[in-house]
Amino acid sequence: MATNPAYRFVIADDHPLFRGALRQTLEGMFDGVAISEAGSLEAVTAILEEGEEVDLVLLDLNMPGVRGYSGLMYLRAQYPAVPVVVVSANEDPATIRRCMEFGAAGFVPKSLGTDSIREALSAVMDGEVWTPPDVDLSAVPADETAKLVQRLSTLTPQQVRVLMMLSEGLLNKQIAYELGVSEATVKAHVSAILQKLGVESRTQAVIAASKIEAGQWQSVGV
């Protein structure tokens, strides 16, 4: 009779070799682990929608469906009970601080050795928040930026997706088609986004989002 795995992990990265390396790292840390691999945000959400409890998602900032912080924002909004650790080649302190502001449980640079990655992930699994010890996270962002981050964090999952598509230049009709909703529903989402971000137009909303993005938004194909 099969036993349930002690832990379930999702490795979200579009580079198969790095996914394989992370898989080996995790398998060497825990006995009886179940590890799913995803090369896009769409694949991550498909795994999470299966209903099995996932203990940790390891998320790359840049892969299909994920640019900048949009993927992290979406996962934290849609699946708030699932911890997300960002694993990225981008080691800029401002990027690390922003990831933590958007609710990441940790930030692990890809440049770390296996032992250091295991130490970081063990800390997160013990309920701690892990970031590189040599990175100063105490720097206070400009008031305007801090307020914008806070406002973006209040968006619902669907509003995050709509904002991603607005940033791509999609019209309401196109967004409605992609999401399988009515144009009236899209208009309601856009109005809510403008209100939450404290802006008056779609263009201003896109500009506001781009100010804190590490890269261009891409729509979540889910």
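This is a short chat about a predicted model of one protein chain.

Q: What kind of model is this, and how are residues numbered?
A: The model is predicted, so to speak of local features pLDDT of at least 70 is needed, side-chain atom pairs count only at pLDDT 80 or more, and totals for chains, interfaces and linings use all residues. Residues are numbered from 1 along each chain as its sequence is written, and side-chain values use heavy atoms, with hydrogens and water left out.

Q: How many helices and strands does the protein chain have?
A: There are 10 helices and five strands. Helices (H or I, at least four residues) and strands (E, at least two) are DSSP runs, numbered from the N terminus.

Q: What share of the residues is buried?
A: Buried residues make up 44% of the 222 residues. Buried means under 20% relative accessible area, exposed over 50%, and partly exposed in between, with a 1.4 Å probe and protein chains only.

Q: Switching to salt bridges, how many are there?
A: A search of the whole structure finds seven. A salt bridge is a side-chain nitrogen of Lys or Arg within 4 Å of a carboxyl oxygen of Asp or Glu.

Q: What does Lys110 pair with?
A: One partner is Asp13, at 2.8 Å from N to O. Lys110 lies in the loop between strand E5 (106-109) and H5, and Asp13 in the loop between strand E1 (7-12) and H1, so this pair ties together parts that are 97 residues apart in sequence. Lys110 also meets Asp60 in a salt bridge, at 3.4 Å from N to O. Asp60 is in the loop between strand E3 (56-59) and helix H3 (70-78), and this pair is 50 residues apart.

Q: What about Arg19, which residue does its side chain meet?
A: The side chain of Arg19 meets that of Glu37 in a salt bridge, at 2.9 Å from N to O. Arg19 lies in helix H1 and Glu37 in strand E2 (residues 33-38), so the pair ties together parts 18 residues apart in sequence. Arg19 is buried, with a relative accessible area of 14%, while Glu37 is partly exposed at 32%.

Q: Last one, which residues are buried in H9?
A: Val186, His189, Val190, Ala192, Ile193, Leu194 and Leu197 are buried in H9. After H9 comes Gly198, whose phi is positive, near 70°.
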